[in-house]
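Dear colleague,

Please look through the sequence and the three-dimensional view below before reading the remarks that come after them.

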Amino acid sequence: MDFEFSPLSKIEKHPSFEHLTQEEWEWYLSEFVRRGRIYSQSRNKSFLVVNMTNSIPLFVSKQMIESLGYTAEDFRKEQGLFLYNIMHPDDATFFQNI
C-alpha cells in the first residue's frame, strides 16, 4: 500500500507561492502526489514526493517502502521524521541545500 501523508492543507505555503490561494496550493500539492502515484503504478517504480520547503514527505510509493524494508505503519508512526531518521548524513546535507 502506498503511504500518503495528510492532510495537504497543513503543509505550509512557501513564500514564492503566496500568489496562490489556499485552495490552489492544496491542488498544486495534490497534483504532485497524483502524478507520483500514477508514475509509480504505471512503471512499477519507487517514487517519493517531498515538500522541499520543509522536507516533509507527501507521498511514498509501495515500491519505495518495500525496497527500504519497512511498512506503511513504520511511516505512519513517525510521520515526516521517518525518512530523516534513516537518511545518510551526506544525503541530509544534500537535501537541505536544494
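The paragraphs below set out what was found, beginning with the whole chain and then turning to individual residues.

Please bear in mind that this is a predicted model. The protein chain contains five helices and three strands. Followed along the sequence, these elements come in the pattern β-α-β-β-α-α-α-α. Of the chain's 98 residues, 30% count as buried. The accessible surface of the protein chain amounts to about 6700 Å², and 53% of that area belongs to carbon and sulfur atoms. As for contacts in the chain with a separation of 6 or more, 40% are accounted for by residues 24 or more positions apart.

I turn next to the aromatic residues. How many aromatic pairs does a search of the whole structure find? The search finds four. One of them joins Phe17 and Trp25 in a tilted arrangement, with 5.1 Å from centre to centre and 50° between the planes. Trp25 is buried, because its relative accessibility is 2% and the limit for that class is under 20%. Phe17 also pairs with Tyr28: the ring centres are 4.9 Å apart and the planes stand at 45°, so this pair is tilted. Phe17 is located in the loop between β1 (3–4) and α1, while Tyr28 belongs to helix α1, so the pair ties together parts that are eleven residues apart in sequence. Tyr28 has a relative accessibility of 28% and therefore counts as partly exposed. Phe17, Trp25 and Tyr28, together with Phe32, form one aromatic cluster.

The charged residues deserve a separate paragraph. The structure holds two salt bridges. In one, Arg34 is bonded to Glu31, and the closest N and O atoms are 2.8 Å apart. Arg34 and Glu31 are separated by about one helical turn, because they are three residues apart in helix α1. In the other, Arg35 forms a salt bridge with Glu31, with 3.2 Å between the closest N and O atoms. Arg35 and Glu31 also both lie in helix α1, four residues apart, which is about one turn of the helix. Through these shared partners, salt bridges join Glu31, Arg34 and Arg35 into one network. Is Glu31 buried or exposed? Glu31 is buried, since its relative accessible area is 12%. Arg34, by contrast, is partly exposed, at 41% relative accessibility.

Helix α1, which spans residues 22–43, also includes Ser40. This serine counts as buried because its relative accessibility is 1%. Leaving aside residues up to four places away in sequence, Ser40 touches Lys45, Phe47, Ser61 and Gln63.

Finally, there is a nonpolar patch on the surface. Which residues form this nonpolar patch? The patch is formed by Leu68, Tyr70 and Ile86, which together have about 220 Å² of accessible area. Leu68 belongs to helix α2, which covers residues 62–68. With a relative accessible area of 35%, Leu68 is partly exposed.

With kind regards

How values were computed. Residues are numbered from 1 along each chain as its sequence is written. This is a predicted model: local features need pLDDT of at least 70, side-chain atom pairs count only at pLDDT 80 or more; totals for chains, interfaces and linings use all residues. Side-chain values use heavy atoms; hydrogens and water are left out. Patches are made of residues with over 30% relative accessible area and no salt bridge: like charges are joined within 9 Å, nonpolar side chains (Val, Leu, Ile, Met, Phe, Trp, Tyr) within 5 Å. Accessible areas come from the Shrake-Rupley method with a 1.4 Å probe; for residues, only the protein chains shown count as cover. A salt bridge is a side-chain nitrogen of Lys or Arg within 4 Å of a carboxyl oxygen of Asp or Glu. Helices (H or I, at least four residues) and strands (E, at least two) are DSSP runs, numbered from the N terminus. Buried means under 20% relative accessible area, exposed over 50%, partly exposed in between (1.4 Å probe, protein chains only). Contact means heavy atoms within 4.5 Å. Rings of Phe, Tyr and Trp (its six-membered ring) pair if their centres lie within 6.5 Å; planes under 30 degrees apart count as stacked, over 60 as edge-to-face and the rest as tilted.
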